[in-house]
Amino acid sequence: MGRKSAKGKEKKKKRKEENAKLEVSLAKVEAANKIADPLELLSPFKKFERNGLNLRIECMKVANMEKDLVDWAFQLTKANMQKLYEESDWGWKDKDKHAEMTEDRAQYLVAFDVTTGKPVAFTHFRFDMELDDEVVYCYEIQLETECRRKGLGKFLMQILELLAFKTDMTKVMLTTFKNNKVSQDFFKKTMKYEVDEISPDDPLFDDAYHYEILSKPTKKSAKPTAPDTTTATQSQPVTAS
């Protein structure tokens, strides 16, 4: 059969290296998903006490959430986001959004008012693979009206960044509508997220795609800043669908 070419050997070696890297990434995601309560890695951040808010933060898998809590999260998302969805190519479908929010891997950070016990804000996120990268993907961050512009949105996103760092994910990712100026300003200006390399783009038409995929690296070389406990920042309903 003859000797294999050096080029063929190099390709085989590269495939082995890529497969090995993928196996490592998958193992990291699996390990992160097995953590019963990821917020135990960040115990000091289980409360938010500033700007007139006194909240406790809990992390839970969707399978462990009571139906009333899931229903509240869905209704808040619908109230905040339905119009933006309907203005996009996606449209809004209750069934599809509810299925996304209750998928087996879904996890939630939920902020509860300490006095009333009522939920006032949440993020829906997952430890997952995005192409070859192990990531924390933020699907939603939604706040009740009375909790906005008080730094809570920034606090919750920074917790996700720290969870990604603690579990050795490569980055935090999310999707946002281009016509949602509040979301665009919050993520790009306040949180310093950038358009990810996999975000769809048409050089001929700026409006060819109605959404962008944003990301922020969380490798050791880009350690995220711990949640600020002194400065209030704008936080409004945004989507990461």
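Buried means under 20% relative accessible area, exposed over 50%, and partly exposed in between (1.4 Å probe, protein chains only). This is a predicted model: local features need pLDDT of at least 70, side-chain atom pairs count only at pLDDT 80 or more, and totals for chains, interfaces and linings use all residues. Residues are numbered from 1 along each chain as its sequence is written, and side-chain values use heavy atoms, with hydrogens and water left out.

**Exercise 1.** Work out which way the residues of strand β6 point.

*Solution.* Find β6 at residues 171–177. Strands (E, at least two residues) and helices (H or I, at least four) are DSSP runs, numbered from the N terminus. Lys-171, Met-173, Thr-175 and Phe-177 point one way. Val-172, Leu-174 and Thr-176 point the other way. In a regular strand the side chains alternate between the two faces of the sheet. Seven of the seven β6 residues are buried.

**Exercise 2.** Find the strands that pair with β6.

*Solution.* Two strands pair if DSSP finds at least two bridges between them. Strand β5 (residues 133–143) runs parallel to β6, with four bridges. Here Val-136 partners Val-172. Strand β8 (residues 211–217) runs antiparallel to β6, with seven bridges. There Phe-177 partners Tyr-211.

**Exercise 3.** Which residue forms a salt bridge with Lys-171, and are the two buried or exposed?

*Solution.* A salt bridge puts a side-chain nitrogen of Lys or Arg within 4 Å of a carboxyl oxygen of Asp or Glu. Lys-171 meets Asp-196, N to O, at 2.8 Å. Lys-171 lies in β6, and Asp-196 in the loop between β7 (194–195) and β8, 25 residues apart. Lys-171 counts as buried because its relative accessibility is 11%. Asp-196 is buried too, at 5%.
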